[in-house]
There are 2 protein chains.
Amino acid sequence: MTKIAIIGYGNLGKALERIAYASDDLNVAGIFTRRDPKQMTSPFGTAFFKQDDIFDMAQDIDVACICTGSANDVTALGVRLAAVVNTVDSFDTHAKMSDYFAAMDKAATNANKLSIIGAGWDPGLFSLMRALFEGVLPNGGSHTFWGRGVSQGHSEAIRRIEGVLDARQYTVPKAEALRIAREGVATLSDRDKHFRECYVVAADGADRDRIRKSIVEMPNYFAPYDTSVTFIDAEQMRVEHSAMPHAGFVLCTGSVNGNTSRLEFSLKLDSNPDFTAAVMAAYTRANARLASKGECGVRTVLDIPVSALFDGRAEIIRFI
Amino acid sequence: MTKIAIIGYGNLGKALERIAYASDDLNVAGIFTRRDPKQMTSPFGTAFFKQDDIFDMAQDIDVACICTGSANDVTALGVRLAAVVNTVDSFDTHAKMSDYFAAMDKAATNANKLSIIGAGWDPGLFSLMRALFEGVLPNGGSHTFWGRGVSQGHSEAIRRIEGVLDARQYTVPKAEALRIAREGVATLSDRDKHFRECYVVAADGADRDRIRKSIVEMPNYFAPYDTSVTFIDAEQMRVEHSAMPHAGFVLCTGSVNGNTSRLEFSLKLDSNPDFTAAVMAAYTRANARLASKGECGVRTVLDIPVSALFDGRAEIIRFI
């Protein structure tokens with residue numbers, strides 16, 4: 001059994017808890033929260049602790065799974081955690097990944113711990129596909145499209161704006177860009193390819209113009225895209241925007257010796273947090289396995305051989 | 001520069017040679033052939049040697065790329081080569097992979113060399129997808145479909161039958177099976193999923209009934225499938241069956257916490273040997289990189305982190 005700590009108890013943390021209880025190899029040692037542990041309940045009876053209690057309990061944890069909101073929480077907490085325990089996260093701000101990688105590598109290497117960062121689907125599985133496709137078709141150039149679906153990271157980023165009570169962001173691929181990309185000849189900007197559709201519940205009396213401006217000008221998250229912001233009430237949010245579907249694909253068209261090859265990976269998810277948690281669970285297993293062999297430092301999904309998701313040769317050979 | 005030896009100069013060897021000459025990091029030190037080297041010419045002026053000359057020249061080669069026909073050649077030659085030089089092959093008989101893996105592991109480990117086996121698209125990229133998909137969706141179960149396209153391994157297996165001058169085998173997915181598999185609830189046999197269509201040029205006076213029987217009863221290659229055998233003449237083969245397209249996909253539909261996730265990888269190739277050679281080139285780079293760090297023994301594509309296809313962190317981080 002791999003003893004995991006779940007840090008943060010939002011959609012992602014709850015999904016990971018449920019996956020762990022349904023598995024026969026992941027044991028949830030505790031949930032660590034910024035909220036008052038005494039006020040928290042779990043359908044599985046998991047023990048709750050204050051977030052910083054993890055630093056006292058680290059020696060009893062195999063892997064800490066960081067499930068807090070992405071934009072502000074993960075990086076600062078991640079670097080502190082990597083110094084005391086093996087970690088897995090699905091940090092999803094592409095533009096900050098290089099800096100986060102360097103900081104985590106230093107912390108984890110010094111502590112002789114192993115950290116896997118960006119273990120979701122993008123970054124994560126999509127990153128793996130982009131690299132694999134371009135590794136095999138060096139002249140190909142890959143394109144990534146997301147949606148239509150809810151981005152947890154972008155929704156959370158909006159929720160952190162003062163005066164916002166709730167938010168949901170849908171990423172929508174543009175049909176014409178998709179058609180061009182499939183022909184394999186395109187240079188497409190982020191703005192060409194996707195539209196960002198935001199639904200926001202504002203607090204009574206909040207300055208809606210300020211909220212709208214904070215969203216559309218937010219670096220990395222919204223500034224590079226065309227974005228719409230629609231204010232709705234809490235009831236409309238509950239009725240129309242409770243599900244968290246997502247979808248997307250990575251495609252690469254390249255020439256080898258003058259002959260065309262087309263590669264495409266796609267996913268379609270009824271629940272984005274459940275699938276992201278499933279990816280984290282898979283790489284949590286890999287983390288425990290590799291850490292037990294003495295590996296340390298930081299890794300992305302690209303650095304982890306797929307065989308590390310499984311125990312032993314017999315389990316792997318059936319795929320070959 | 002990585003100095004490679006190309007063993008075998010059929011479609012695959014020729015494709016790999018051309019890829020190497022178009023690259024800035026793969027240098028073809030020589031082509032090693034069972035035919036008479038003096039009779040061989042290359043459009044790039046590459047030097048030809050007798051196949052067994054590789055054993056004397058191994059110390060000057062970084063990676064030997066085994067491009068001989070699959071069914072009989074690769075395994076025996078592979079084990080001999082793994083004892084003297086790093087190797088990459090695209091051996092494609094799934095049923096024999098486990099034994100081949102064990103034999104290569106012993107040879108390569110004893111020699112402190114690194115061998116990557118099954119580095120094509122199936123086994124190869126498709127194996128990687130099956131494992132990745134089931135690692136993330138343990139209750140999913142993946143399905144693989146091939147075609148419509150020419151299988152090099154199966155065509156070569158037919159050509160080795162006495163009395164066969166040339167052969168082309170098309171793998172054809174069955175539409176109803178595909179529909180069922182996409183619903184994610186199927187248990188489908190090999191025979192349910194694909195049809196194997198064979199076109200054969202027989203020598204004058206050859207026993208066609210014997211040839212037909214040798215094909216449809218061939219273990220691993222044809223026995224588990226419905227197979228048609230059509231005899232044609234050499235001119236019809238040249239006109240109608242010269243191209244070697246292929247296609248296929250791996251799909252996996254699974255539930256996470258009661259919500260459905262659908263993953264799918266597909267490829268569509270104008271030239272199967274060119275793409276297979278491109279996969280071998282990518283894993284040849286990985287081999288040279290990992291061997292130079294002291295790794296030895298046998299690896300499949302599942303054991304190689306995708307980051308090993310690239311040089312250094314800066315080149316990798318752009319995919320994340």
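Arg148(A) sits in the loop between β7 (142-146) and β8 (149-150) of chain A, where strands are DSSP runs (E, at least two residues) and helices are runs of H or I with at least four residues, numbered from the N terminus. The model you are looking at is predicted, so local features need pLDDT of at least 70, side-chain atom pairs count only at pLDDT 80 or more, and totals for chains, interfaces and linings use all residues. Residues are numbered from 1 along each chain as its sequence is written, chains are lettered from A and ligands numbered from 1 in the order in which they are written, and side-chain values use heavy atoms, with hydrogens and water left out.

Gly147(A) and Arg148(A) are joined by a cis peptide bond, with omega at about -5 degrees. Now turn to chain B. There, Gly147(B) and Arg148(B) are linked by a cis peptide bond with an omega of about 0 degrees, and Arg148(B) lies in the loop between β7 (142-146) and β8 (149-150) of chain B.

Further along chain A, you will come to Asn257(A), in the loop between β12 (246-256) and β13 (259-269). Although Asn257(A) is not a glycine, its phi is positive, about 50 degrees. Is this residue, Asn257(A), buried or exposed? Asn257(A) is buried, with a relative accessible area of 15%; buried means under 20% relative accessible area, exposed over 50%, and partly exposed in between (1.4 Å probe, protein chains only).

In chain B, Asn257(B) is placed in the loop between β12 (246-256) and β13 (259-269). Asn257(B), not a glycine, has a positive phi of about 55 degrees, and counts as buried at 14% relative accessibility.
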